[in-house]
Amino acid sequence: MNNIVTWLFFFCVLSLNSSAFAFDDEDALIEAYGDEEFLYLATGRKQTVSQAPAVASIVSAKAIREMGARDIDEILETIPGLHVSYAAGGYSPIYQIRGISSDFNPQVLMLINGLPITNIFAGNRSQAWAGMPVENISRIEVIRGPGSALYGADAFAGTINIITKNHTEINGIEVGASAGSFDEYRGWLQYSGALAGWNTVFSGQVLDTHGQHEKVDADFQSLLDANPLLATSASLAPNGVSLGRQSLDTRIDISKDEWQIRLGYQGRRNVEVGAGLFSTLDNEGEADADRYNADITYLTKNLIEDWELKAQYSFFNTITKSDLVLLPPGTNTGAGIFPNGVIAEPDVYERHNRIDLSAFYTGINKHDIRIGAGFHHQDQYKIEEKKNFITALTPFGAVLVPLGSVVDVTNTTPFNQEETRKIYYAFVQDAWDFAPDWTLTAGLRYDDYSDFGSTVNPRLALVWQTSYRLTSKLLYGRSFRAPSFAEQFNINNPVAVGNPNLDPEIIDTYEIAFDYKASEDLRLGFNAFYYEMQDIIRFNPTTANNTGEQTGHGVELEVKWKATKHLSINGNYAYQSSEDEATNSDAADAPQQQLYIRANYALTPVWSINSQLNHVMDRQRAAGDLRSDIDDYSIVDITLRAREIAPNIELAVSARNVFDEDAFEPSLAPGLIPNDLPLAGRGFFVELRTSFN
Amino acid sequence: MQKRKPVHKTLLIILIAFSALAGDVLSAKANYHIAVIYPDVRKPFNTFFENITEGMKLRQESNITIWPVPKTESPEAMSTWLQNTKPDAVILLGTEFKQFNKQLKGPFKLIYGASFFSRNHFEQGKAGISITPEPSILFKRLKKMAPQVTEINVVYHELTNGWLIDSAQVVAKELNLKLNKHPVENIKQAALTYKQIIENSSSPTKALWLLQHDPTLDEKSLLPRILADAWEHETIVFSSNPRHVKRGALFSSLPDNKQLGKDLVQKAIDILHGKNNNLEPMRSTLMVANKRTAKHLSLSADYFSEDDFTVIYPREK
């Protein structure tokens with residue numbers, strides 16, 4: 001709490017200091033243009049009108065830079081109602097939206113430029129996601145609530161759409177580098193120009209880090225070690241989590257007239273295992289990932305009057321290879337000692353091909369009609385596995401039986417299977433201005449899956465321009481989450497058996513939202529929501545089944561305030577309460593309350609300071625987990641930025657978790673890592689950037 | 001009638017040929033040297049000037065030298081630079097340099113751009129292109145979006161915007177629109193006038209035009225009042241200031257920077273040819289509209305395609 005007081009004091013001092021610096025030329029330009037936003041718009045960048053009314057937040061490149069974010073998770077944490085938690089294995093992010101949380105987090109759809117990057121194996125963004133750098137991001141749009149009526153599967157708890165920079169947003173050649181705590185080094189190069197008449201954008205970003213190394217004092221192996229019958233002393237705890245990794249992110253985007261072609265690659269090397277896939281420290285295990293994407297889009301407004309037509313083909317290939325030591329050398333789960341530890345080397349290869357056709361029709365007065373259809377082919381085309389154990393179920397629980405050495409089990413007892421899935425879909429949406437100030441948007445999407453059959457998901461939105469300052473929205477939507485291949489086709493793992501007969505998870509969400517513009521400088525957003533989840537897929541007790549139900553409700557409040565010419569303040573508060581219907585207890589792990597405040601202050605035309613506070617509160621344990629509730633935490637970050645410290649040189653110095661707060665994310669129930677997963681302590685980072693025209 | 005002698009005919013032909021040649025020579029003095037100076041402001045504000053100068057460079061018939069002047073430079077340094085550069089014409093971008101009249105005297109023409117002008121500047125005989133959009137562009141757009149409108153009300157400060165209103169009156173007449181002028185001296189007077197106009201303009205045939213850079217239009221307190229009242233009375237409000245659209249005006253315009261750059265070079269060439277030595281509003285614009293307001297006014301959505309407008313508010317979530 002002292003930390004918050006200190007931060008608030010700091011912020012007050014800043015506010016008091018708001019002496020008037022004269023930005024004469026800039027003032028004149030702002031008067032000519034309206035505001036900074038127009039400077040960009042007038043350079044030719046078209047806005048994208050979002051496709052349906054929803055409860056959404058947008059974070060711009062400008063805000064990303066102000067807050068000094070280095071990874072996408074730092075940005076997502078600032079969204080109201082969204083908290084980024086982590087799984088023990090690889091510290092893969094769990095985007096908890098409105099209290100919906102699960103270890104693999106398949107209930108959130110992440111898109112890059114509108115295209116899903118979901119991996120069909122676990123329904124997440126790969127078992128070796130390892131973060132995403134932010135330099136090439138133009139903006140991030142986060143829709144909380146249902147999106148299946150437009151996006152199809154997995155737009156369930158929410159949809160995160162990452163839009164990369166186009167040719168108008170990069171200034172010739174831009175290069176930059178940063179370095180800081182945890183031996184972290186980043187570098188980037190971006191180019192925008194015209195090549196053979198095509199607008200061309202290239203972006204390359206590299207990262208090498210040892211990662212934070214906060215200590216875990218006991219892990220799952222510690223629990224095994226405490227069993228006198230097993231007589232082991234194998235745990236590596238107390239020891240630090242392993243979060244080193246290297247990454248390369250490249251993108252090429254070329255466009256001309258109606259055509260756009262985009263190519264992307266995300267490479268991940270030596271991705272360490274966090275706190276271990278088995279909630280057991282592992283200082284040897286690593287994973288590599290290669291993710292390729294390509295898409296070609298044709299968009300025309302001139303072919304037929306009143307019709308905007310779009311055709312898109314996209315391809316996504318994702319390969320994750322892991323070499324893991326699930327339990328350390330010397331471990332024994334009851335069926336023999338593993339002198340080299342429990343070793344697993346699972347590799348998953350998958351590819352996705354998509355064809356999407358859509359049209360936007362404005363030929364009927366007072367109606368905006370959107371229709372579309374498409375095909376998506378999911379192909380888990382190769383599964384490989386080596387391991388030195390088999391899992392057996394005994395009356396006392398699951399035990400790992402040593403095989404003596406690492407054996408290739410790809411053709412004998414692999415963990416999953418080569419599988420494909422075909423999806424055909426069609427959707428229609430009409431936005432009807434049925435009376436002055438009233439618009440009713442109705443949408444429906446039909447998806448036909450080759451495995452579990454068809455699903456229909458509707459969306460209704462009633463928008464009322466209540467007054468000059470107030471807009472009110474009433475929203476309903478149904479969404480679904482398709483079972484992952486792990487849930488359908490897991491084999492040879494008696495504690496997690498796949499079930500090919502699974503149905504999708506379903507959620508119905510009701511929302512009421514208000515957007516109030518108190519003045520040009522002060523904007524308030526408020527929404528209240530209620531949702532019901534059905535058919536939640538759980539391994540219950542050992543085979544995947546549609547058994548879970550969950551309900552939740554809450555409110556979110558968002559404030560954007562330009563307090564003075566030099567000081568802007570953004571903040572949000574979110575409250576949610578979600579209940580697991582099977583146990584009548586809190587759905588667990590996600591914060592019931594979250595508060596975020598960010599102040600950006602222009603000290604001089606050159607220097608600016610940004611400080612932010614994230615307060616995470618009220619995280620309860622799952623039923624049957626007897627540990628006390630997870631501690632609240634408050635993290636304060638401060639970034640000092642000099643736009644032109646020297647001609648065309650920008651410098652930023654950033655301190656993350658300034659007060660070195662002990663912050664933890666929940667470990668799996670009932671407490672495999674008893675004292676939870678530690679987040680990074682205080683860190684310092686320096687960044688330099690320049691550009692050439 | 002006496003027959004004209006062939007020799008006269010020949011002379012006439014030669015004369016015509018020469019005069020045509022002379023004209024060619026004049027316009028073929030392609031390599032006018034035009035110097036462009038603008039304040040070297042920080043990013044992203046500099047993109048505005050950079051885009052204008054990019055447009056200028058597209059006019060290849062002129063030799064253009066550009067100097068983004070750092071804030072630390074003295075007016076004398078600008079004077080020295082101009083002496084060394086020896087331009088035929090100088091284009092001054094931005095509001096900052098209007099005050100440097102004395103230092104910028106020399107054997108060259110001065111053209112002002114990307115700035116606001118008052119009647120004073122007009123009377124001083126300054127030449128250039130204002131950042132204020134040409135009223136006819138706004139009026140034509142108004143007629144397209146709301147064809148029922150026959151009258152436009154405008155409240156303005158005579159010394160600042162009188163010159164613009166004079167030219168607006170001419171174009172309004174050409175478009176069969178009646179322009180009701182309401183000159184005011186101060187904000188208080190303006191507030192009363194706006195109130196009366198809105199209360200009396202519930203009829204869909206009347207519209208209100210808001211100006212840019214007018215000292216009697218207070219943006220903090222008066223503007224929100226005007227826009228809120230206009231919403232209540234369903235009065236059509238359009239503006240010369242794009243910022244007003246985000247706040248609820250029906251439409252406005254933005255500078256089309258590259259085209260503006262080309263126009264400024266053309267203006268310089270015209271002036272060097274002894275033509276158009278005056279101040280004029282900006283003709284190269286992009287349109288901005290507010291769909292929320294249009295829906296409230298029950299105007300047809302047909303005019304809201306992306307082809308018609310560069311930006312459409314609100315940027316719906």
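Q: What makes Trp432(A), Phe434(A), Trp438(A) and Trp464(A) a cluster?
A: Ring pairs link these four residues. Rings of Phe, Tyr and Trp (its six-membered ring) pair if their centres lie within 6.5 Å; planes under 30 degrees apart count as stacked, over 60 as edge-to-face and the rest as tilted. A caveat before going on: this is a predicted model, where local features need pLDDT of at least 70, side-chain atom pairs count only at pLDDT 80 or more, and totals for chains, interfaces and linings use all residues. Residues are numbered from 1 along each chain as its sequence is written, chains are lettered from A, and side-chain values use heavy atoms, with hydrogens and water left out.

Q: How many aromatic pairs does that rule give over all chains?
A: The count comes to 27.

Q: Why is the pair of Trp432(A) and Phe434(A) called tilted?
A: The ring centres are 5.6 Å apart and the planes sit at 55 degrees, so the pair is tilted.

Q: And what makes Tyr112(B) and Phe117(B) edge-to-face?
A: Their planes are 75 degrees apart, with 6.3 Å centre to centre, and over 60 degrees counts as edge-to-face.

Q: Why does Trp432(A) count as partly exposed?
A: Its relative accessibility is 37%. Buried means under 20% relative accessible area, exposed over 50%, partly exposed in between (1.4 Å probe, protein chains only), so 37% lands in the middle class. Phe434(A) gets that label too, at 37%.

Q: How do you know that Arg656(A) and Asp637(A) meet in a salt bridge?
A: The N to O distance is 3.6 Å, and the rule asks for a side-chain nitrogen of Lys or Arg within 4 Å of a carboxyl oxygen of Asp or Glu. Both Arg656(A) and Asp637(A) are buried.

Q: Which parts does the pair of Arg656(A) and Asp637(A) tie together?
A: Arg656(A) lies in strand 34 (residues 649–656) and Asp637(A) in strand 33 (residues 633–646) of chain A, so the bridge ties together parts 19 residues apart in sequence. Strands here are DSSP runs (E, at least two residues) and helices are H or I runs of at least four, numbered from the N terminus.

Q: What separates Glu199(B) and Lys195(B)?
A: About one helical turn, because they are 4 residues apart in helix 7 (residues 187–199) of chain B.
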